Amino acid sequence: MKAYAHTLDSPIGPLTLVVNADGALTHVLFAHQAPPADVSWDADRCAAAATQLREYFAGQRTDFDLPLAPAGSDFQRTVWDALRTLGHGEVVDYGGLGTRIGRPGAARAVGRANATNPIPIIIPCHRVIGANGTLTGYAGGLDAKQVLLRLEGYDVRDGRIARAVAA
């Protein structure tokens, strides 16, 4: 299927947005990730996603309203759907996310699904932290995860969430 891409500057570095022919977002890629070789560069087709991400980074948007088409297994899509239910500034640990999807004890499998999320930020995998409050891994790097969590109201110190900042 034909794909269209656009690169957006953001506080966490350039993000490449990829949409399919139907206009559904299929990927948000970090600077070190390459888009599919056969994409056509088209800012207009990616405009809705770019606008909503700019609004998010400016603190004007707390949730996204975009058509999404992430490719993955049934389990991965279940995890990604559960991530989309996390509210702005809400964090959960891997075990807690496993419990939410009816798979208590599946923290490692949840972590693997989280790591393969093709649409980070919009499917908010940055909101998943270690059981002890540590930031743990993130495809965009821990610095990016820290920026995103701070943007959502968390005080992050020494790689750990210290507390939610009062609104």
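**View 1. Tyr4 and Ser40, where strand 1 meets strand 4.** Here Tyr4 has Ser40 of strand 4 as its bridge partner. Strand 1 (residues 3–8) runs parallel to strand 4, with 2 bridges between them; two strands count as paired if DSSP finds at least two bridges. Helices (H or I, at least four residues) and strands (E, at least two) are DSSP runs, numbered from the N terminus. This is a predicted model: local features need pLDDT of at least 70, side-chain atom pairs count only at pLDDT 80 or more, and totals for chains, interfaces and linings use all residues. Residues are numbered from 1 along each chain as its sequence is written, and side-chain values use heavy atoms, with hydrogens and water left out.

View 2. Zoom out and 4 strands line up as 3-2-1-4, with mixed pairing. The edges are strand 3 (25–29) and strand 4 (40–41), each pairing on one side only. Helix 1 (residues 47–57) packs on this sheet, touching strand 1, strand 2 (15–20) and strand 3; its direction makes about 30 degrees with that of strand 1 (axes are lines fitted to C-alpha atoms, for helices over the stretch in contact, and angles run from 0 to 180 degrees between N-to-C directions).

View 3. Strand 2 pairs antiparallel with strand 1 over 6 bridges and antiparallel with strand 3 over 4 bridges. Val18 stands opposite Ala5 and also opposite His27 in strand 3. The turn from strand 1 has 6 residues between the strands, and Gly13 there has a positive phi of about 105 degrees; in the hairpin with strand 3, Gly23 takes a positive phi near 90 degrees. Leu15, Leu17 and Val19 point one way, Thr16, Val18 and Asn20 the other, and all are buried (under 20% relative accessible area; exposed is over 50%, partly exposed in between, 1.4 Å probe, protein chains only).

**View 4. Leu17 in the core.** Leu17, Leu25, Leu83 and Ile121 have the most contacts inside the largest nonpolar core, which has 37 residues (buried Ala, Val, Leu, Ile, Met, Phe, Trp, Tyr and Cys joined through side-chain atoms within 4.5 Å). Helix 1 gives the largest share, 5 residues. Beyond four places in sequence, the contacts of Leu17 (heavy atoms within 4.5 Å) include Tyr4, Ala49 and Leu53.

**View 5. Glu152 in its loop.** Glu152 sits between helix 5 and strand 7 (154–157). Why does Glu152 count as buried? Because its relative accessibility is 8%. Its side chain makes a polar contact of 2.8 Å with that of His126 (N or O atoms within 3.5 Å; within protein, one must be able to donate a hydrogen and the other to accept it, and residues adjacent in sequence count only if both atoms are side-chain atoms).
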